[in-house]
Amino acid sequence: MAVRAVGWWRRETSTRSRRSRGRPVLALGVSGLLAVLSGLGSWQLGVAVLVIGPVLACPRLDARRTAAVVGWALLLALGAGAARGLMATPGFGIEFLVLLAGGTLAVRDAARHTANAAALARATEVAQASQNAILRPMSVEIGGIEVCARHHCAVQGASVCGDLYAVVHTPYGVRLLIGDVRGHDLDALRTTAATIGAFKDLAYLTPGLTDLVTALDARIAPELGPEDFVTAVLAEFAPGEVRLVNCGHPAPIRAGKQVRLLEPLEPTPPLGLHPEPRLYRFYLSGGDRILFYTDGLSEARDANGADFPLLERVGDALAALSPSDVFDTLYAMVAAHTGREPTDDIALALCRPTSMVAPSPAARPPNTAARTES
């Protein structure tokens, strides 16, 4: 694998190097061709047309290389003017000044876009560092629940991905949030941080899971734009069961004796769209694992547009011994299904109770807002 990675890096570096060298050659070649045509007596346009070379160069080259192209164009203009005996004419002087002015503007534009690119690169580095701090790989055991989580940001050219997860140990049990923020820009990062921060604050203070969702929606709504939202699943682990509130997010999967989706009876809008949360309870047996995920897994499509066969494949992946192996296996399955590396964000959280105690009646939420499964 390391050898393949080194080989890929060398090929990519070589390709970029060839492209970098080819761009100034193209600009210089265009300038040379125009200079030859300008030296011909039948050519109607003057040497000012040589500004095309710097104009082609400035969006793709830095200021130093663009200045070299401008200098080359000026030398060619002098040569073409001498070849046609126009050096002393007013028309040639005006065209030469036009070329000089155009070249100066091209150098200025090249310097500007280079500075903007550098600033964007710095902002991207900061955003990626911030995202890595927010969505660190997780492998902990808290409150009798083993929780492992990982995210994979696969969108090319995006500074951040829109997936999020968090887990806290509260007086009301272990609570987990997994969600997906609309978008892949810095606004998505801000919404991700706001959602996770609000969840961690409110999860300790709000006894009911539905009340937690309502409070979370009210907290983050002012941070969202008119078309923004956050799909989310909130989970609360109690002895022998898990309680879920699903706000427009893919349903978790329980794998044990059977592999099945823990789906809500009625859909609920995402956070930011004022959901009316409903609580659902699902019993857990010894050895059960619950996989929480984002739509990068469930909606991965092959060349024919068929979705990833989630229930068929998750049982095989969860048969692996370690959560890390589960995640690697699922990524490999998605890549095999689509025929390429995953092209959408994928966040995964795998939870397993490490101690099973039957739930007491007092620990159960009211049945009027819940569905119970055995």
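Guide: Let us begin with a cut-off: a residue is called exposed when its relative accessible area is over 50%, and buried when that area is under 20%. Please keep in mind that this is a predicted model.

Visitor: What makes His274 exposed or buried?

Guide: His274 has a relative accessible area of 59%, and the word exposed requires a value over 50%, so His274 is exposed. This residue is found in the loop between strand E8 and strand E9.

Visitor: Why is Thr195 called buried?

Guide: Its relative accessible area is 0%, and buried means under 20%, so Thr195 is buried. Thr195 has its place in helix H5, and, leaving aside residues up to four places away in sequence, Thr195 touches Leu164, Leu177, Leu216, Ile220 and Val230.

Visitor: How do you know that strand E3 is largely enclosed by the rest of the structure?

Guide: Of the 8 residues of E3, 7 are buried, and therefore the strand is largely enclosed. E3 also pairs with strand E4 in the antiparallel sense, over 8 bridges, with Ala166 standing opposite Leu177 in E4; with 2 residues between them, E3 and E4 form a hairpin.

Visitor: What puts the buried residues of helix H8 on the same side?

Guide: The buried residues of H8 are Leu310, Val314, Ala317 and Leu318. Because they cover an arc of only 90 degrees around the axis, they lie on the same side of H8. On the other side of H8, Glu312 and Asp316 are exposed, while the buried residues pack against several elements, including helix H9 and strand E11.

Visitor: Why is the pair of Asp307 and Arg301 called a salt bridge?

Guide: A side-chain nitrogen of Arg must be within 4 Å of a carboxyl oxygen of Asp or Glu, and the closest N and O atoms of Asp307 and Arg301 are 3.1 Å apart, so the two form a salt bridge. Asp307, at 39%, is partly exposed, and Arg301, at 41%, is partly exposed as well. Elsewhere, salt bridges that share partners join Arg175, Glu236, Glu241, Arg243 and Arg281 into one network.

Visitor: Are Glu241 and Arg243 buried or exposed?

Guide: Both Glu241 and Arg243 are buried, and their side chains meet in a salt bridge at 3.0 Å, N to O.

Terms used:
Residues are numbered from 1 along each chain as its sequence is written. This is a predicted model: local features need pLDDT of at least 70, side-chain atom pairs count only at pLDDT 80 or more; totals for chains, interfaces and linings use all residues. Side-chain values use heavy atoms; hydrogens and water are left out. Buried means under 20% relative accessible area, exposed over 50%, partly exposed in between (1.4 Å probe, protein chains only). Helices (H or I, at least four residues) and strands (E, at least two) are DSSP runs, numbered from the N terminus. Two strands pair if DSSP finds at least two bridges between them. The arc is that of the directions from the helix axis to the C-beta atoms. Contact means heavy atoms within 4.5 Å.
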